[in-house]
Amino acid sequence: MTHGSRRRRDGRLIAGLVVLVGLLFMFSLGIGPVWLPPDRVVQGLVGQGGEAARIIVVEIRLPRALLALMIGATLGLAGASLQGLLRNPLASPSLFGAPSAAAFGAVTVISLGIVNVLSIALPVAAIAGALLSVGLLLLVAGPRASLLVLILAGLAVSSLAGAGTALALNLAPNPFAALEIAFWLLGSLEDRSMRHVLIALPFMAVGVVLLFWDRRAFRALTLGEEAAQSLGFDLTGIRLRVVAGVAAAVGAGVAVAGSIGFVGLVAPHLVRPLVGHDPGRLMIPAALSGAALLLAADISVRLIPSTSEIKVGVLTALIGAPFFIVMILRRRSTLAGGGA
Amino acid sequence: MSAEAPVLATTGLSVSLGGRAILKDIAMKARHGEFLVVIGPNGAGKTTLLKALAGLLDASGEVLLGGRSLALIARRQRALLLGYLPQGHEFHWPLSVLDVVGLGRLPRGAGADLSEEDRNAVARAMEETGVSGFAGRTVTTLSGGERARVALARVLATEADLILADEPTASLDPRYQLVVLDILKRHAARGAVVAVLHDLGLAARYADRLLILDEGRVVAAGPPREVLTAERLATTFGVRAEILERDGATVVIPKSVI
């Protein structure tokens, strides 16, 4: 094992993941009621394959693929950051109730009739919800929280957000409003426009910057909080940036696609062994792995034969939750101590 | 800065945690080339003192590092001047030993790839602590003695003159206790070391000076043979002890509880 080859090895991993994401992206543009081979997709993208191909590729499928890419990448990054901050591979935005709180924020402003679904106020409300949940969680659990305390606090926060959303559903004035609210709970990338992409993009960009900021600190945190502080890192600042970054990334995603869980848990886990478990080197691969996962999930929902399309948030939960259970089982011995 | 200026000094250092006064008006200093050992009964405030010296918690009073107020030294700069070895030697991710020791270079701007200077410092620290032989092993699979040395190597790799070590020998077998203290003693000769120890015998043998804390106050400070008296051990630790001089070293034998 030598030090010299790190950057090159990470570079190869990142290049491989970029190719994978690129292929999935092209496949996502090609798949649907009408299958378009890659050459037709490219023609559609540059506007040379006729009006029908252009509309299918650029207006119907491109926003969907872009959102899957963006949301998946930011969720992967948010998961990697939270895990780095808390030094625990089981941490993720979903565990903290961030997506349900963001959904609650979005549902509230919609059901109160304050904004329509394409307003910029929607991501703001969703981000506020996510910010509240992650902030509340870190506040309740404290800086030195054991995993058990974090999980219990996360459960409480997401139950509260869930209850709030259920209340909005309960009080929905008509079936249409109820359906609108139910959408936030399921999470889907169907029928999105470039407008959705543009609404989410600026918030996600801010989130990405905040989440990337502390990657060197995450490496130092391997040694614990005090050692990290003694190495010159400001823990208060790190916590604030991660909370704000997770809230911005998750909130923006939920605002345009509803609640999509478990990508933030699974994506970093899949690539962690490939970067020698280094929480700093993990960041970019985790983002790419998240993008690949969500693109693949969104392709799958279009391939699985069913009467109505399965929502992508339902699929990620169906796969992610058992994955989470397996992770817990494998770490049972460490978790049994209660400390972790 | 004159040669006699202490590497580290405090005046009126007080710390309260959760409304309780843990440290009260501490005045102490560590000189260049000195191995200062902090002893005291459980709950005396030893760990809190070390954290305050490292600037890890809010304290009133003043900590002077090389004659400059610690509060006015930027975090990054502080990390270059003092290395802090916390209790317990925790490693949260299964990194390789080489990677963990390399983390000591973070204050010098190191990334995942180390510069030649960084690599040399890491190699020296690993050589000094005898962990070079398992550089590629995963740190979470090591034994207690190996982990303690890896944690110490990480601090040495920082190349800070001053090392603050909190119970560096806890849970180590007799051989590794000596190994770790020998390393710290060598480092102290080049810079300075402040260490918290529980073993009075080892403290007496290795310390150039002892600082005895009790209920948040300094009750004695000086060379072991001056401060380790039977009366002191009785009042501070509540033990009857026999104190012998052997080959020029002070030997403490705790006999019974008072």
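This is a predicted model: local features need pLDDT of at least 70, side-chain atom pairs count only at pLDDT 80 or more; totals for chains, interfaces and linings use all residues.
A residue counts as buried here if 20 or more other C-beta atoms lie within 10 Å of its own. With it in hand, take helix α4 of chain A: twelve of its 14 residues are buried, leaving the helix mostly covered. Chain A has 15 helices and zero strands, while chain B has nine helices and twelve strands. The two chains touch, with 28 residues of chain B in contact with 25 residues of chain A.

**Chain A as a whole**

- Chain A is built with 15 helices and has zero strands.
- Its radius of gyration is 20 Å, close to the 20 Å that the globule rule gives for 340 residues, so chain A is as compact as a globular protein of that length.
- Of the 340 residues in chain A, 54% are buried.
- Taking the contacts in chain A between residues at least 6 apart in sequence, 77% link residues that are at least 24 apart.

**A covered helix in chain A**

- Helix α4 of chain A covers residues 98-111, and at 1.5 Å a residue its 14 residues should span 20 Å; the C-alpha atoms at its ends are 20 Å apart, which agrees.
- The buried residues of α4(A) include a run you can follow by eye, with A98(A), P99(A), S100(A), A101(A), A102(A) and A103(A) among them.
- Further along α4(A), the buried residues also include F104(A), G105(A), A106(A), V107(A), V109(A) and I110(A).
- Just after α4(A) comes G113(A), which takes a positive phi of about 70°.

**Chain B as a whole**

- For 258 residues, a compact globule would have a radius of gyration near 18 Å, and chain B agrees with its 18 Å.
- The C-alpha atoms of chain B fill a box of roughly 55 × 40 × 40 Å along the principal axes.
- Buried residues account for 47% of the 258 residues in chain B.
- Among the contacts in chain B between residues at least 6 apart in sequence, 64% join residues at least 24 apart.

**Two helices side by side in chain B**

- Helix α5 (residues 144-157) and helix α6 (residues 174-190) of chain B pack at an angle of about 10°, and their axes are 10 Å apart.
- Angles under 35 degrees count as roughly parallel, and α5(B) and α6(B) are therefore roughly parallel to each other.
- On the α5(B) side, the residues that meet α6(B) are G145(B), A148(B), R149(B), L152(B) and L156(B).
- Their partners in α6(B) are Y176(B), V180(B), I183(B) and H187(B).
- The residues of this contact divide into six nonpolar, two polar and one charged.

- Leaving out residues up to four places away in sequence, A157(B) touches V101(B), G104(B), R105(B), A121(B), V122(B) and A125(B).
- R124(B) is 33 residues from A157(B) along the chain, yet their C-alpha atoms are separated by 7.6 Å.

**Two loop residues with positive phi in chain B**

- E167(B) lies in the loop between β7 (162-166) and α6 of chain B; it has a positive phi of about 45° although it is not a glycine.
- E167(B) is buried, with 22 other C-beta atoms within 10 Å.
- E215(B) sits in the loop between β9 (209-214) and β10 (217-222) of chain B, and its phi is near 50°, a positive value in a residue other than glycine.
- E215(B) counts as partly exposed, with 15 C-beta neighbours inside 10 Å.

**Where the chains meet**

- The contact between the chains brings 28 residues of chain B together with 25 residues of chain A.
- On the chain B side, the elements that give two or more residues are α2 (75-81) and α3 (97-102).
- α2(B) provides the largest share of that side, four residues.
- By class, the side of chain B that touches chain A has 16 nonpolar, three polar and nine charged residues.

Key. Residues are numbered from 1 along each chain as its sequence is written. Chains are lettered from A and ligands numbered from 1 in the order in which they are written. Axes are lines fitted to C-alpha atoms, for helices over the stretch in contact, and angles run from 0 to 180 degrees between N-to-C directions. Angles under 35 degrees count as roughly parallel, over 145 as roughly antiparallel, 65 to 115 as roughly perpendicular and the rest as oblique. Two residues are in contact if their C-beta atoms, placed from the backbone, lie within 7 Å. Ala, Val, Leu, Ile, Met, Phe, Trp, Tyr, Cys and Pro count as nonpolar, Asp, Glu, Lys and Arg as charged, and the others, Gly among them, as polar. The expected span of a helix is 1.5 Å times one less than its number of residues. The radius of gyration is taken over C-alpha atoms; the globule rule is 2.2 Å times the number of residues to the power 0.38.
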